[in-house]
Amino acid sequence: MSPTAADAMIAPDLQISDHISIDRALDVLRGSRSQYVLIRDDTGRCAGIITLDQLTAHTAQPWYAEDTRVRDIAHDSGPFAHPGMPASEAATAMRERSLTILPVVDEDGFAVGILTTARLQALLGTLPEDTDRP
């Protein structure tokens with residue numbers, strides 16, 4: 001049986017509401033020393049994922065970072081992986097979308113894990129079509 005996304009995922013420990021401001025989201029990431037955070041909507045479902053670099057890009061104007069909500073800036077908002085998805089398929093999807101992290105959601109859209117390229121590479125040995133990359 002081939003490995004699945006569930007075999008490679010880690011717990012989705014850090015999550016924020018999509019209503020939170022950019023500057024507050026930055027505080028959360030810096031305080032947790034994390035490079036990314038899951039975003040959830042009003043129902044608690046996964047609405048995306050955003051990285052520290054993506055948030056930092058929006059801080060040139062302090063008033064903008066204070067008044068702008070995470071949901072209003074560009075972030076990865078799907079499609080996401082599912083626990084039963086073959087790990088190789090998830091790795092291919094991440095490569096095609098140039099992602100290093102990808103949420104894993106259940107059938108109702110709630111986050112159950114996070115995939116990283118490092119975890120997938122460890123599980124699969126190599127990522128699909130890595131030989132084509134310089």
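1. Contact here means heavy atoms within 4.5 Å. The model is predicted. In that sense of contact, Ala-87, Ser-88, Ala-90, Ala-91 and Met-94 of helix 5 meet Thr-117, Leu-120, Leu-123 and Leu-124 of helix 6. The residues of this contact divide into seven nonpolar, two polar and no charged.

2. Two packed helices are described by the angle between their axes and the distance between those axes. For helix 5 (residues 87-96) and helix 6 (residues 117-124), the angle is about 140 degrees and the axes are 10 Å apart. That angle makes helix 5 oblique to helix 6. The crossing of helix 5 past helix 6 is left-handed.

3. Which residues of helix 5 are buried? They are Ala-87, Ala-90, Ala-91, Thr-92 and Met-94. Helix 6 is one of the elements that the buried residues of helix 5 pack against. Helix 1 (5-8), strand 4 (101-105) and strand 5 (111-116) are the others.

4. Just after helix 5 comes Ser-98, with a positive phi of about 55 degrees.

5. Is His-75 buried or exposed? His-75 counts as buried because its relative accessibility is 19%, and buried means under 20%.

6. A polar atom of the His-75 side chain lies 2.9 Å from the backbone oxygen of Ile-73. Leaving aside neighbours within four places in sequence, His-75 is in contact with Ile-39, Ala-47, Gly-48, Ile-49, Ile-50, Gln-54 and Val-70.

Notes:
Residues are numbered from 1 along each chain as its sequence is written. This is a predicted model: local features need pLDDT of at least 70, side-chain atom pairs count only at pLDDT 80 or more; totals for chains, interfaces and linings use all residues. Side-chain values use heavy atoms; hydrogens and water are left out. Axes are lines fitted to C-alpha atoms, for helices over the stretch in contact, and angles run from 0 to 180 degrees between N-to-C directions. Helices (H or I, at least four residues) and strands (E, at least two) are DSSP runs, numbered from the N terminus. Angles under 35 degrees count as roughly parallel, over 145 as roughly antiparallel, 65 to 115 as roughly perpendicular and the rest as oblique. A crossing is left-handed if the near helix is turned anticlockwise from the far one by less than a right angle, and right-handed if clockwise. Ala, Val, Leu, Ile, Met, Phe, Trp, Tyr, Cys and Pro count as nonpolar, Asp, Glu, Lys and Arg as charged, and the others, Gly among them, as polar. Buried means under 20% relative accessible area, exposed over 50%, partly exposed in between (1.4 Å probe, protein chains only). A polar contact is a pair of N or O atoms within 3.5 Å; within protein, one must be able to donate a hydrogen and the other to accept it, and residues adjacent in sequence count only if both atoms are side-chain atoms.
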